Amino acid sequence: IYLKAVKFWQQVKAVSKELSSMKKVIAKIEDMHCEHCKHVVENAISKINGVKFANVVLKNDEAVIKFDESEIQLSKISDAIADVGYDVRFYRLADL
């Protein structure tokens, strides 16, 4: 029973560490005009290791991105968006 309890607490500790490095950012993306633009940006963000969630809202020219800060830096996300032809500004970053 003791070994099962130790293993359980090790798993809890690992999950806690992962959750503590999770971030949410809202990004303003310039020059998106249609659903194709939305999908291009969303796919570019979603392909990045460490990104857990990406949702682009065309009417607001925004993307909501959840990522693991221990796996990826914000600059890699902005580079991916720039690589598909869009300008981006991050304006709200929060812990999850």
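Me: In what order do the 4 strands form the open sheet, and what is the pairing?
Reply: The order is β2-β3-β1-β4, with antiparallel pairing. This is a predicted model, in which local features need pLDDT of at least 70, side-chain atom pairs count only at pLDDT 80 or more, and totals for chains, interfaces and linings use all residues. Residues are numbered from 1 along each chain as its sequence is written, and side-chain values use heavy atoms, with hydrogens and water left out.

Me: What makes β2 and β4 stand at the edges?
Reply: Each has a single partner strand, so one side of β2 and one side of β4 (88–95) are left without a neighbour in the sheet. Neighbouring strands are turned by 15° against each other on average, direction ignored.

Me: How do you know that β1 and β3 pair?
Reply: Two strands pair if DSSP finds at least two bridges between them. β1 and β3 have 7 bridges, in the antiparallel sense, so they meet that rule. Within this pairing, K24 stands opposite K66 in β3.

Me: What makes α2 a helix that packs on the sheet?
Reply: Helix α2 touches β1, β2 and β3, where contact means heavy atoms within 4.5 Å. The direction of α2 makes about 165° with that of β2; axes are lines fitted to C-alpha atoms, for helices over the stretch in contact, and angles run from 0 to 180 degrees between N-to-C directions. Helix α3 (residues 74–83) also packs on the sheet, touching β1, β2, β3 and β4, and its direction makes about 145° with that of β4.

Me: Why is C34 in no disulfide?
Reply: A disulfide is a pair of cysteine sulfur atoms within 2.5 Å. By this rule the count comes to 0. For C34, the nearest cysteine sulfur is that of C37, 3.6 Å away.

Me: Why is C37 called buried?
Reply: Buried means under 20% relative accessible area, exposed over 50%, and partly exposed in between (1.4 Å probe, protein chains only). C37 has 8% relative accessibility, so C37 counts as buried. C34 has a relative accessible area of 32% and is therefore partly exposed. Of the 96 residues of the protein, 32% count as buried.

Me: What makes the phi of D31 worth a remark?
Reply: D31 has a positive phi of about 75° although it is not a glycine. Most residues other than glycine have a negative phi. D31 is found in the loop between β1 (22–29) and α2 (35–46), and at 47% relative accessibility D31 counts as partly exposed. D61 also has a positive phi, about 55°, and is not a glycine. The place of D61 is in the loop between β2 (51–57) and β3 (62–68); with a relative accessible area of 23%, D61 is partly exposed.

Me: Which residues touch the most other members of the largest nonpolar core?
Reply: They are V41, I45, V51, I65 and I77, out of 18 residues. A nonpolar core is a set of buried Ala, Val, Leu, Ile, Met, Phe, Trp, Tyr and Cys residues joined through side-chain atoms within 4.5 Å. β1, α2, β2, β3 and α3 each supply at least two residues of this core. Leaving aside neighbours within four places in sequence, I45 is in contact with V51, A54, A63, I65 and I81.
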